[in-house]
Amino acid sequence: MENLEKYNFTKGFFGTNGVDIKRGLTTPDLKEASVKKKAMNHCKEVYILADSSKFDQVLPVKYGDIENLVIITDRLLNKDYNNLTTIKEVF
């Protein structure tokens, strides 16, 4: 965690276990959440990689909000996410 303080990133790409409109980005692992949150705070641009099964899923540990980032996914089933963030569907 200390080493992440030394770096600034232009772009960061992060996988996620859960994406939810109200609860944000979540994972079951506290250590993973801590590292992702710290790294995301040092990125100019944040990209979240999430297949369609990750949407509307909430896991125990939140590590970020879905505003001010780009979510890359295979298919968006709930169009309400378009109101909060940028969605890029990749086929």
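## Burial and Tyr 47

A residue counts as buried when its relative accessible area is under 20%. In this predicted model, Tyr 47 has a relative accessibility of 16% and is therefore buried.

## The sheet

Four strands form an open sheet with parallel pairing, in the order β1-β4-β6-β7. Strands β1 and β7 are its edges, each pairing on one side only. On average, neighbouring strands of this sheet are turned by 25° against each other, direction ignored.

Strands β1 and β4 run parallel and are joined by six bridges. Within this pairing, Phe 13 stands opposite Tyr 47 in β4. Helix α1, residues 30-40, lies across β1 and β4 and runs at about 155° to β1.

## Aromatic pairs

The structure holds three aromatic pairs. One of them joins Phe 13 and Tyr 47: the ring centres are 4.8 Å apart and the planes stand at 15°, so this pair is stacked. Because Phe 13 belongs to strand β1 (residues 9-15) and Tyr 47 to strand β4 (residues 43-49), the pair ties together parts that are 34 residues apart in sequence.

Phe 55 and Tyr 81 form an edge-to-face pair, with 5.0 Å from centre to centre and 75° between the planes. This pair links distant parts of the chain, 26 residues apart: Phe 55 is in the loop between β4 and β5 (61-64), and Tyr 81 is in the loop between β6 (70-73) and β7 (86-89). Phe 55 counts as buried at 8% relative accessibility, and Tyr 81 is buried with a relative accessible area of 0%.

Methods:
Residues are numbered from 1 along each chain as its sequence is written. This is a predicted model: local features need pLDDT of at least 70, side-chain atom pairs count only at pLDDT 80 or more; totals for chains, interfaces and linings use all residues. Side-chain values use heavy atoms; hydrogens and water are left out. Rings of Phe, Tyr and Trp (its six-membered ring) pair if their centres lie within 6.5 Å; planes under 30 degrees apart count as stacked, over 60 as edge-to-face and the rest as tilted. Helices (H or I, at least four residues) and strands (E, at least two) are DSSP runs, numbered from the N terminus. Buried means under 20% relative accessible area, exposed over 50%, partly exposed in between (1.4 Å probe, protein chains only). Two strands pair if DSSP finds at least two bridges between them. Axes are lines fitted to C-alpha atoms, for helices over the stretch in contact, and angles run from 0 to 180 degrees between N-to-C directions. Contact means heavy atoms within 4.5 Å.
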